[in-house]
Amino acid sequence: MSSTSLPAKIRSVLQPDFQTTDLILTELPIQQAKEGTDEHLIKVYATAPCAGELLWVKNFPAIMQPGKIGVPCYDLSGVVVTAPVNSPFQPGTEVYTRTNAGRTANAREYTIALTSELALKPKNLSWEESASVPLSAFTAYQALFEHGGLKLGWKDEAGKHENARKRVLITAAAGGVGVWVVQLAKAAGVKEIIAVVGPNNVDFVKSLGATEVINYKQQSLGAWAAASNPKVDLVIDMVGGQTLADAWTAVKDGGILLSVNEPPENRKPKENAPKDVTNLFFIMRPEGWQLKEVAELLEKGEVRVVVDSVWKLGEFKEAFARLESGHARGKVIIKIQSD
């Protein structure tokens, strides 16, 4: 498609006021890629909302880049329409990624993505399945291999043996990020993967690779840790609050405690805290090369996507409601194109 045949206006979900979480479906002018930059114009086929994202600008106004419009949903799968001359992702290329939260996002028919963010869409996945991957896979990859001290076991045999000696514990392990932490830990050679989930997801997370499951309706993480279970090398928490406080009791001296919800230091016990624990709150970065590695694992069948539900663009309110219910298993997807 040439830029001259593009529509002037496109359908889009819009958050008109960053101070509220209200959304509308409207038409917006199409945003063109700027000449002389690494911007690509992408025809979006599917996207995925992220829990809490409608409050990010209100709570963290510094993330806003100039010109950001309140279009939500940062994951995407789609086709490149226009590209810089030297880009490896030329027009017609099928891609997937998550774009930077400082820019206008992707719940719209056409969007902008940068060279560094993009990766080739996995060949064996649908548009909807592909859009379920980026945020969750980026977060899991960076938690395990950048901050969590694990090695890329599928590339490094010695690293795989080293990982095999580690105990890793994951809260909200059936959620959008949790399912990827479990699977990437398994793919990397971790032999002891402890998953915290509700009763309906016990067998599900075992099917992904969890070797031990804590049903939090029967036993809290704190009670599990107090019951003489061996402490773990690495905790990755998606919940925050009391669960994160309990996570401190589960990690060993010298271990690592990561949270994508709030700084772990906020929940550190005043007494009997484990010694020399590296603790970190982090926000993932979109790095296209990491999605390339994930695509290779997907195409080999070593990991799989978990899609909770797929909604049409006009059903965006139902999609966000399903996500915010806290009971989605895997990712909630919004299908953008009807063709």
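Predicted model: local features only at pLDDT ≥ 70, side-chain atom pairs only at ≥ 80, totals over all residues.
User: Thanks! What percentage of the residues is buried?
Analyst: Of the 339 residues, 54% are buried (buried is under 20% relative accessible area, exposed over 50%, partly exposed in between, with a 1.4 Å probe and protein chains only).

User: And how many helices and strands are there?
Analyst: The protein has ten helices and 15 strands. Those are DSSP runs numbered from the N terminus: H or I of at least four residues for helices, E of at least two for strands. Its radius of gyration is 20 Å, close to the 20 Å from the globule rule for 339 residues, so the protein is as compact as a globular protein of that length. The radius is taken over C-alpha atoms, and the rule is 2.2 Å times the number of residues to the power 0.38.

User: Switching to rings: how many aromatic pairs does the structure hold?
Analyst: Five. Rings of Phe, Tyr and Trp (its six-membered ring) pair if their centres lie within 6.5 Å; planes under 30 degrees apart are stacked, over 60 edge-to-face, the rest tilted. One of the pairs is Tyr141 with Phe145, edge-to-face at 5.2 Å centre to centre and 70° between the planes.

User: Where do Tyr141 and Phe145 lie?
Analyst: Both are in helix α3 (residues 134-147), four residues apart, about one turn of the helix. Tyr141 and Phe145 are both buried.

User: Why is the pair of Tyr141 and Trp289 edge-to-face?
Analyst: Their ring centres are 6.0 Å apart and their planes stand at 90°, so that pair counts as edge-to-face. It links distant parts of the chain, with Tyr141 in helix α3 and Trp289 in helix α9 (residues 288-300), 148 residues apart.

User: How accessible is Trp289?
Analyst: Trp289 is partly exposed at 46% relative accessibility, while Tyr141 is buried at 2%.

User: Nice. Which residues form the aromatic cluster?
Analyst: Tyr141, Phe145, Trp154 and Trp289 form one cluster.

Key: Residues numbered from 1 in each chain as written. Heavy atoms only, no water.
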